[in-house]
Each structure stands twice: as structure tokens, then as C-alpha cells.
Amino acid sequence: MLRKTGRGLFALLLIVLEWTCPGLLSPLRPICDLRVLNHFIQEARDAEVAMRSCREGCGLTQTVSVPQTTVNFEDWEKKNALEQAEEVQTGLWLLQQALGSFGPSVTNTALNNHIDNTARNLVSINAVLRSLNFQEYTPPANASSLDGTWTVSSATELLQVHVNFLRGKVRLLLMDAPACQQDVS
Amino acid sequence: MTCDHLRRLFALSLMLMFCATGTTSLLQGSRNFEKKALRLLKEEPQNPKCFAGGMKDFTCFWVEDEERAGSLDQYTFTYAYQNENSSTCPLTTTPAAGGKLFFICHLKRLQMFVQMDIKVHREGMLIHNRSLQIELFFLLDPPANVTVSHTGQQGQLNVTWVPPPLKYKDDSMIYQVIYAPAESHLGQVEVARASSKVILRDLQSSTKYRVQVRVKLDGIAFNGYWSAWSEPVFIETLPAEIDPLIVSLTFIISFIIIVLVLITLLSYYRFLLKKVWPTIPTPDSKFKGLFTVYGGDFQEWLGHTSGGLWLTPAFIYSEECQSNLEVLSELSIYPSLPPKASKVSTIAMNNDKDTKTGSDDWRATSQDHWLLDRLRAFQQDPRPCSHSSMLESQDTYVALSGHRQSEDKHVVDTLEEMLPLEVLFASRKEARCESHSDLGSVQQNSGSGQLSSQSSFEYTNNVCAPNAPGYTYMAGADSGVSMDYSPMSRVDDIAKVVIYANEYKNEIPAHRGPLLLRQYHIHDDR
């Protein structure tokens, strides 16, 4: 009798906890529509154009590491999905770090808005990658230890790299994402 | 030995085939390059002009005059990707139209999404310098297999094509479809994004259309120039279909209009029938029994009718009432009448006064008595006439001159003796027949008459004796504006009368003469 009552209470407790406790989030719905990324690309382009017109108070205080944006399709197709995802996730992390160094040096309000928007878009792109079931990225301790990076010293170069990276590797990764390929097939 | 020969021949043929294939492809490639190069010469101002034909094909070129161009070894084409060392691209030359020379560099190993710096030197001197990103300079071939078909709906066409075979770029392509009637030079453009088909709408029916397609990368991830237009495809649209709603509405409205017209026609049936198909008057009512009893034999009818025969050698009387003037005119034929016109006119003018006492003014002859009797009968028993548009008043008399189509011994050409109409027209004020004469007003001729009278007159129905044969004369109604003349009665061949056509000469001679009734042959076409 007590066992039965205990089991019932336990079941009731589980049910209640299931309702109240948020617990683990349900897996995100895959975002396969490339128009989302296209939107980010266009905003990044606007930021680059705005940065070109900047003359004063819009430079980097130091050189920063940025991902290489070069894409050779033959070489890219030889890589597997994991390598591609890691390359993209590393690049996105580097860009986020580089944009973080912008803040104190940029005095132009409009450019500040562009930079903030760009930083938010990078977070959104990471969320898109998570929705496509890519492995969570573990950033390295030191960015300079990474291979396949460039260094830039100007804000214009940084934003240009940012645009090229999104248009190139990030987009290629999303186009060939296995989660999206399953929906198509 | 034979086998060796065969092997050599086989190898040789294979080599020739490969060479031919290679030559063909090279020729096609060169033709393709020339087409694209000519397009870029117009669109791209910078040098060198570069375009990517595919994922593994990037071409840069510039043009120089053949006379000024140096040898190929004088030129060096170097390129360098971002953060990389520079490389050299081997150059080739191709003759161009107009005495020019193409200098061409083909890059095979491409790196995209990175800036590339290009420098061209001639004998160590920089002649061209350019920085670009390869993925932004695509110049694709036009879409292949453009197919246009009917969708089944009115004014629509379905256009499909095969996109250029470029990986990763199907969703980045934008297409333009231009369509126009075959004879027109202006066309409409329809845009399609990331889709290899489009439906053209609002097209004219039964029209031959020309459709072409071109492609370009959308500019987000990749960019480039518009390709050349594909080969035109001609198709004729479906013929116009009649909308059943419009057809049914048309029928209903037509039916309603027809019904309304029929109702209108039926309500005015008698009036319209009278106008369109007027009843032809027949003299049956005037000659009672002539046609029914005697079968048209006038002689016999005359012999059996009561009331006397009105025939005289000189006159034929119509059923019209004799006017006083007519009475006078009859009398004037005979020598007993005074020949002077003035006297006659006086007599005419005094018609009203002498009407009742007319017997006192005339010579007592048998004919005179008869005339008097007729006059009395006329005055005592007026009967309306049946003609409303003709000259029927007994107050007036118009002497007519017409074509004489038969011998008329009795016709006296007394036109010159006619009195002026103002003298002739008696002022019969008390118009029993509602007729009046307006002396003194201006009157004008119209068409067929020559009325020089100064008076205008209007006549309506008048009394008449339908049983009695009357004069054969042309009655005229002169309202001062127009004249309407028509024969008053139909005359048989009792007396010769002049057939009077539509001509009317009413010339009043200067001198005055006795009023005479002229005889005319008249065709009464009633």
C-alpha cells in the first residue's frame, strides 16, 4: 500500500517537475533558409561601406587576428563537414573577439551602431549553427595560437574580412549542412 | 606486320580525332570568349577586363591596336591574393576586329572571397592595375534549353530553362525574361529569382511572342555581369476565348432591346403601316358601282348612273367642288362670257357676294343653269375633301402648264391671259373648309413651281361632291415655303388631258386676260 502510494506520488512529482522546471531546451528547429544569412551579409556590407567613409575615431587600437576568407572550392569540397564547421566556428569566434576590441576606440555613433549590430549578428549566426546540430565550439585559450589566421590593423580591413567570411565559408557551410540536406531529401 | 600497321593506323586516327575535338572545343571556346569579350568591352571601363566563366575559369584581357602593340614577351601579367605572394599569368594573343589585338590571361586555380591585385607591365612599366574579388565578376553563358509552352489559361505562357551548371550558385542566380510581340521592338521584362521557370501573364491572344532569357548572380554572395540573351523562342498565344458571362449578358440585353422594339412597333403599328404602306386610294368610293357592278366599264356606268353626266366636250370634272372661279372659268370658254379679264376678275372678286345670287349675273343657258345648280349644291352641302396636303381650296385656282403628252384640241394656251394670282384668289373669309388666302404676303417657289404670285395661301380639306366628276387639274398647296402638287383625281380616257408631271410653272403673265381653265393630261397615281 505504501509502495503504491509512493510510486504514485513519485510519478506525480515527475509530472509537476516536468511542467515547472524548464530543464533542457528542446532542440532548435533547423534554420536552413539562407535568406537569414543573406540579411546578415547585407548588414555587414553596410557596415563596411560606412567604415570606409570614416576618417577619424574609427580605427583599431591594436592588430587583431581574423579568419582567412579564401575559399578554393576544390579544397573546400575535400574537407568533411566537421572540418568545415570547425573552421567556420573558429572564424566566427575570432571575429567576435576582434569586434570586441572596437568598442572603446570608435567615437562615431553611427559606426558604433554598425559594430553593435555586427556583433549581434555574429551571435545569431552561432545560434543558426547550433540549430543545424553542429557541435558546440570550444574556443582556444589564445587566439594567436590558431593557424590559418590573418592579422589586420584597420577597421576597414576587419569589416571587409567579416563580409568575405560570411559570404564565403559560412554560407557554404549552411548550404551543405546535413540537417538541411535531410529535409530536402 | 599487318597488325603493326593496323595499330599505327588506329593510333593515328585516334590522335586525329582528339585533335579535331580539341580544335573544335578551342574554336568554340574562342568564339565564346570573343562574344563575352565584346560585351565587356562595352560594359567595363577598367583594364584589364576580367570575368569568371565558371568556378574554375577566370579570364582577364585587354585590347591594343595591332600597330602599337609589342610582342608578347614585352608584357607581364602578375596577380597576388591577399596576404600571399604574387604570381605570373602566361599571356596569349588573339586578333580582334578592327585591327586590334586581344591580350588574354587565363587563371585556372581560383581563390574566392579574397581580394586579388592585378598588375600588367610592359617592358617594366605599369600599364594596368586593378584589385578585385573573383566571385564578384561572373559572366555566365545564357540559359540553355529555353522552352515556352501554354499554361492552358488565356493570355499566359510558361517559360522554363536550364540554369547554368554552377555549383553553390543555383540559389544565387537571378533571371530576366524579356517577351514581346514578334514584330515589336519594345519588350516587357519579368524577373525570376532562384527559379528556373516563370509564367508570363496578361498577354495578347492570338499573337506571336518572342521570348528570351538571361542570367546574372544576385549580388549577395556572388555578383557579376548580365549574360547575353538566349536565342529567341517564338510562340503564338491561344486565341481569345469568349467569356460565357459576357455572351449571356449580350444575349439577354439584345433580347430585351428586341422586345422593346417590337412592343413599340406594335403600339404604333397602324401609324407605321400608314406611313410605310399607305393605302392607295381607289376611285371606288367616288364611282359607286363602277368596278363592282360594271367591272370598270365607264361608259356603261355612265349610262346607268343617276345625277347626270357631267361630260362635256371640253371639260372633265373631278369630284372636287367647283370653286367659284372654276365656275367662272368654265363660263369663260364660251363666247357668251365677256373676254375681258378685268370683268372676269371683278366677277371673281365679287364671288362671295354673287354666290347666292349668281343666277342673276349669268346668261341663262342650259349649261349655265347647270352650273348654277352645281354652285348652289356646293354651297348648301359642303363635304370635306380627302386631301390634306394639296391645294384643295375652292377659293383659289392655279393655272398649270405641263407636258402635253396627247393631242389636246381644247387646250388653249392662255397662260399669258391668266390673271395675277392675287386677283384670282378670292377672299373667302368664311372658310367653310378652313382655307384661307393671305393676300399680299410674300410667296416663294420651291423646286418645281414658278409662282410669281405675291400671295401665300394654304388650303386644307374642302367640301366636295364626291359623286360628280370633276376637273382634271393639278392642285397645288403653296404655303409660302414649299409647294406640294399632286393630281386631284384620276381621269379616264374620256377626255384628253395633258399629263402633268412634277413641274409646275405658275407664271403670272403681266397682262391680264380672261380666266381660263386649261386642260391637261394628268396622271393620277393615287
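Modeller: Let us begin with a definition: a salt bridge is a side-chain nitrogen of Lys or Arg within 4 Å of a carboxyl oxygen of Asp or Glu. This is a predicted model, in which local features need pLDDT of at least 70 and side-chain atom pairs count only at pLDDT 80 or more, while totals for chains, interfaces and linings use all residues. Residues are numbered from 1 along each chain as its sequence is written, chains are lettered from A and ligands numbered from 1 in the order in which they are written, and side-chain values use heavy atoms, leaving out hydrogens and water.

Biologist: How many salt bridges are there over all chains?
Modeller: Over all chains, the structure holds 15 salt bridges.

Biologist: Which residue does A:Arg171 meet in a salt bridge?
Modeller: The side chain of A:Arg171 meets that of B:Asp171, at 3.3 Å from N to O. The pair joins two chains, because A:Arg171 lies in helix H6 (residues 155-175) of chain A and B:Asp171 in the loop between strand S10 (157-162) and strand S11 (173-181) of chain B. Helices (H or I, at least four residues) and strands (E, at least two) are DSSP runs, numbered from the N terminus.

Biologist: And is A:Arg171 buried or exposed?
Modeller: Buried means under 20% relative accessible area, exposed over 50%, and partly exposed in between (1.4 Å probe, protein chains only). With 2%, A:Arg171 is buried, whereas B:Asp171 is partly exposed at 29%.

Biologist: What about B:Arg7, which residue is its salt-bridge partner?
Modeller: B:Arg7 forms a salt bridge with B:Asp4, and their closest N and O atoms are 3.5 Å apart. Both residues belong to helix H1 (residues 2-43) of chain B, three residues apart, which is about one turn of the helix. B:Arg7 counts as exposed at 59% relative accessibility, and B:Asp4 as partly exposed at 34%.

Biologist: Which residues do salt bridges with shared partners join into one network?
Modeller: That network consists of A:Lys79, A:Glu87 and A:Lys169.

Biologist: Changing topic, which residues form the covered face of strand S13 of chain B?
Modeller: In S13 (residues 197-200), B:Val198 and B:Leu200 form the covered face, and B:Lys197 and B:Ile199 the uncovered one. In a regular strand the side chains alternate between the two faces of the sheet.

Biologist: In what sense does S13(B) pair with S10(B)?
Modeller: The two strands pair in the antiparallel sense over four bridges; pairing requires that DSSP finds at least two bridges between two strands. Within S13(B), B:Lys197 is the bridge partner of B:Thr160.
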